[in-house]
Amino acid sequence: LSSSGSRNIVKKGKLMDFTSTVIIPLLCGSLGIFGVFRLLQWMRMRTYLREAVVVITGATSGLGKECAKAFHAAGSKLVLCGRDSEKLKDLVQELSTMTNHQKNTHKPQTVVFDLSDTKTVQNGAEEILKYFGHVDILINNAGISFRGTIVDTGLDVDKKVMETNYFGPIALTKALLPSMIKRRQGHIVAISSVQGKISIPFRSAYAASKHATQAFFDCLRAEVEQYDIDVTVISPGYIQTNLSLNAVTADGSRYGVMDKNTAEGQTAAEVAQVVLNAVGQRKKEVLVAGLTPSLAVYLRNLFPRLFFTLMATRAKKERKAKGS
């Protein structure tokens with residue numbers, strides 16, 4: 001071999017030695033540390049959720065029902081809230097079948113009240129506290145959607161949406177908050193929406209209620225940190241639920257249509273797992289949306305003029321589609 005060839009062989013040998021003695025062990029060590037970190041994170045989350053008293057509103061369908069399944073499987077003590085006592089009983093029965101396979105589950109309790117009637121919320125909160133004496137995690141999930149033009153929407157419809165999506169959750173939160181402050185322990189979760197960050201045409205009442213929700217719980221987070229109380233705001237995009245079917249229209253009637261975006265959205269079970277992990281990891285805020293809605297959030301903040309133009313174009317297209 002020539003001297004240059006010998007030098008190349010020596011260099012390759014040194015490179016292989018460096019790779020095998022430094023780089024590979026370093027990568028393996030990093031992966032090991034990451035694995036241990038994730039394991040500790042998982043164990044911490046399981047410990048946090050196991051035996052925790054978890055209150056879920058709007059528990060009989062959609063995301064609320066899937067959250068009930070997820071937290072029940074995690075070993076939480078559930079208090080399920082809704083307007084329909086029969087549906088709540090059916091859900092408890094359904095969850096009881098899971099108990100046969102998992103020894104750490106508990107029989108859920110139920111409380112019936114209408115979140116849109118703030119006068120009954122206080123009574124509901126008192127009944128919730130009677131079961132276990134305290135609440136560890138409150139998941140404000142119940143909500144109603146809206147479809148309609150602003151000019152045609154009666155003020156009573158705006159109030160109805162705000163009562164369910166905003167005043168109801170904050171009334172329940174305020175009713176349970178003193179007991180959390182007294183214990184210096186608690187976790188409050190608000191299921192908001194991407195529309196709590198951006199607004200799209202013909203969703204005015206819904207978007208307004210979610211913007212208000214975002215603002216309220218952002219303020220709450222700052223105010224209760226001194227009491228070691230966590231606040232998590234979760235903002236999903238489209239979920240495959242009956243939200244659009246049950247949406248109210250400008251005249252207050254039921255919309256009754258499954259929107260294409262809703263039908264193609266994430267499953268409620270998938271989002272429920274995101275909620276479970278976010279709560280277990282005590283995250284302050286989570287955006288659960290696809291690429292387009294996520295980009296729209298940043299576009300609204302960074303390039304508002306472009307965002308407004310796109311929304312105006314969308315409104316024209318929707319009007320044209322409905323008029324044809």
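Predicted model: local features only at pLDDT ≥ 70, side-chain atom pairs only at ≥ 80, totals over all residues.
Local features require pLDDT of at least 70 and side-chain atom pairs count only at pLDDT 80 or more, while totals for chains, interfaces and linings use all residues. Residues are numbered from 1 along each chain as its sequence is written, and side-chain values use heavy atoms, with hydrogens and water left out.

**Helix H8**

- Helix H8 spans residues 268-280, where helices are DSSP runs of H or I with at least four residues, numbered from the N terminus.
- Its 13 residues reach 18 Å from first to last C-alpha, close to the 18 Å expected (1.5 Å times one less than the number of residues).
- Buried positions (under 20% relative accessible area, 1.4 Å probe, protein chains only) in H8 include Ala 268, Val 271, Ala 272, Val 275 and Val 279.
- Arg 282, which follows H8, has a positive phi near 55°.

**Aromatic pairs**

- The model has 4 aromatic pairs, counted for rings of Phe, Tyr and Trp (its six-membered ring) with centres within 6.5 Å.
- Phe 216 and Phe 217 form an edge-to-face pair (planes over 60 degrees apart), because their centres lie 5.0 Å apart and their planes stand at 80°.
- Phe 216 is buried at 17% relative accessibility, and Phe 217 is buried at 1%.
- Phe 307 and Phe 308 are also edge-to-face, with centres 5.9 Å apart and planes at 70°.
- Tyr 166, Phe 167, Phe 216 and Phe 217 are joined by ring pairs into a cluster.

**Charge over a ring**

- Arg 147 sits over the face of Tyr 255, 5.6 Å from the ring centre (NZ of Lys or CZ of Arg within 6 Å of the centre and within 35 degrees of the ring normal).

Definitions and conventions
Helix = DSSP H or I, 4+ residues; strand = E, 2+ residues; numbered from the N terminus. Buried < 20%, exposed > 50% of the residue type's maximum accessible area, 1.4 Å probe, protein only. Phe/Tyr/Trp six-rings, centres within 6.5 Å; stacked < 30°, edge-to-face > 60°.
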